[in-house]
Structures are given as C-alpha cells and as structure tokens.
Amino acid sequence: VQKISRHRHVVIQMDTTYWGRRFGLMVIKDSLCKKILWRKYVSYETVAGYMEGVRWLRDNGFRIYGIVADGMRGLMQALRHYPVQMCQFHQMMIVRRYLADEPELEASRDLLELVCSITEMDKESFVGSFNELYGKHEAVLDERVRDNRIKRKTPPYMRPRLRGAYLSVKRNMPWLWTFYDYKDRVIPNTNNGLEGIFSDIKSKVRVHSGIRKENRKKLIDEYISRHY
C-alpha cells in the first residue's frame, strides 16, 4: 500500500537500496516531510521502475516541483519535464570509482579534489574551476596511445579512466546545479536524507538476518508504515 500524503506539492528523492543480489527496495520520498510516498521491491534498478513511481504520484494528485536522483543512464532524460538534481554525492562516488582514493597523476588528483569539494562550492566557482582544470590538463586528458601495431583508425586514449571521470562530470553538469538554479523550490543537492532512511531500515532488518524473503518484505513494510 502506497502512502497518500495530505502534502501534495512535493520535491521528491528517489533511489534503490539492496539486501544482497537481486533483492532491492526502490523508494520515492518527500524530501521535506520525510515520508516515503511510493516503494517497490525490485531485482535491479530501472528507469521504467522510477517512472512507474512518478506516474503513480501524478495520478494520485501530487504536483512535483523537483526531483533528486542518482544519475543512472537514461533517467535524467526520462525526467526531462521536471527540474532534476543529480545527487552530488553520487557524482563524487562515480569519480572515485574511476580514479581510486589516492591517484598518482596530478590531473587525477586535481579532478578528485575538485569533485570532492562540490558540496562546499557554488555553481560559478565549480564550473569555472572545472573549465580551468581542462585547460591545465588538456594534453593529458586528450593524449592518445601512439603504437604502430594498433590498426585502429583512431588510436585509443592513453588514460581512459581519467577521461571517463572527467566526461562523467561534464556530461552530468546540466543536472548537478538544479538546486542552485531553483532556489525557491528547496531542492536538496544530495540524496543523503534518503540514504539515512535506508541505513535506519537496514539496521532494523539486520537484527533478523536469515529470515525468508517474504518475511523480510513484511518486516520492512511494517517498519516503514510505522516510521515513514
């Protein structure tokens, strides 16, 4: 049973958490009232699943003023009719997965340091610093492998992980500062509030580790209905 809130003008946060493989809980939460408005048990995260939740909200009279999401491929485009904020913490994690925590290359260190400071910066400062970073490290970012044994018409890039990290920020830039462009809508810049709820639910379920999946669902549903 989904929750019909009396607060129908909402900014929502959406994400999925997992217990092991192929047992996930997809959630849409009211960022202001802290209520879970919609949820669904899933095997894996999909754009279609999130859009099902958005349609449910719309069909039940909710007016969505903003959305915070994790930036999975295709989701931002699917939500293009709404102001969408990509979780800045998820962007940090993407870059860290590409570069590790202590990269040796200066260009990698500079990019990691900049992205890890994103929540402490305003839009103009971050965008300006990001553009300066490319100007400083353009040769490193764009350098290609020079090897006559490679028969490809266009040689591969010398540092694909660094370039991947850089391009992920560049690609997601239109959604990293929605909260800044829509200050009147009080859109969070991260999904940390939702992550806190996930941690709370998991701490309660962990006490009952080893129970069957259906009983685990009942336990989660009961806890959410009582607290969220």
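I began with terms: the expected span of a helix is 1.5 Å times one less than its number of residues, and helices (H or I, at least four residues) and strands (E, at least two) are DSSP runs, numbered from the N terminus. This is a predicted model, in which local features need pLDDT of at least 70 and side-chain atom pairs count only at pLDDT 80 or more, while totals for chains, interfaces and linings use all residues. Residues are numbered from 1 along each chain as its sequence is written, and side-chain values use heavy atoms, with hydrogens and water left out.

**Entry 1, helix α8.** I looked up α8 and found 15 residues that reach 21 Å from the first C-alpha to the last, close to the 21 Å expected at 1.5 Å a residue. Which residues of α8 are buried? I noted Leu194, Ile197, Phe198, Asp200, Ile201 and Val205, taking buried as under 20% relative accessible area, exposed as over 50% and partly exposed as in between (1.4 Å probe, protein chains only). Seen down the axis of α8, these buried residues fall within an arc of 160°, so they line one face of the helix; the arc is that of the directions from the helix axis to the C-beta atoms. I then checked what covers them, and the cover includes β1, β2, β3 and α9 (213–227), where contact means heavy atoms within 4.5 Å. The helix, residues 192–206, lies across β1, β2 and β3 and runs at about 45° to β1; axes are lines fitted to C-alpha atoms, for helices over the stretch in contact, and angles run from 0 to 180 degrees between N-to-C directions.

**Entry 2, the sheet.** I traced an open sheet of five strands in the order β3-β2-β1-β4-β5, with mixed pairing; two strands pair if DSSP finds at least two bridges between them. The edge strands are β3 and β5 (84–86), each of which pairs on one side only. On average, neighbouring strands of this sheet are turned by 20° against each other, direction ignored. I also saw that α3 packs on the sheet, where α3 touches β1 (9–18) and β5 and makes about 40° with the direction of β5.

Eight of the 10 residues of β1 are buried, and the strand is mostly covered. How many bridges join β1 to β2? I counted seven, with the two strands antiparallel, and Tyr18 stands opposite Gly24 in β2. Their hairpin has five residues between the strands, and Gly20 there takes a positive phi near 70°. On the parallel pairing of β1 with β4 (residues 63–69) I found five bridges, and the partner of Ile12 in β4 is Ile67. The antiparallel pair of β2 and β3 has six bridges, and Val27 has Arg39 in β3 as its bridge partner.

Lys34 is found in the loop between β2 (24–30) and β3 (36–42), where its phi is near 65°, a positive value in a residue other than glycine.
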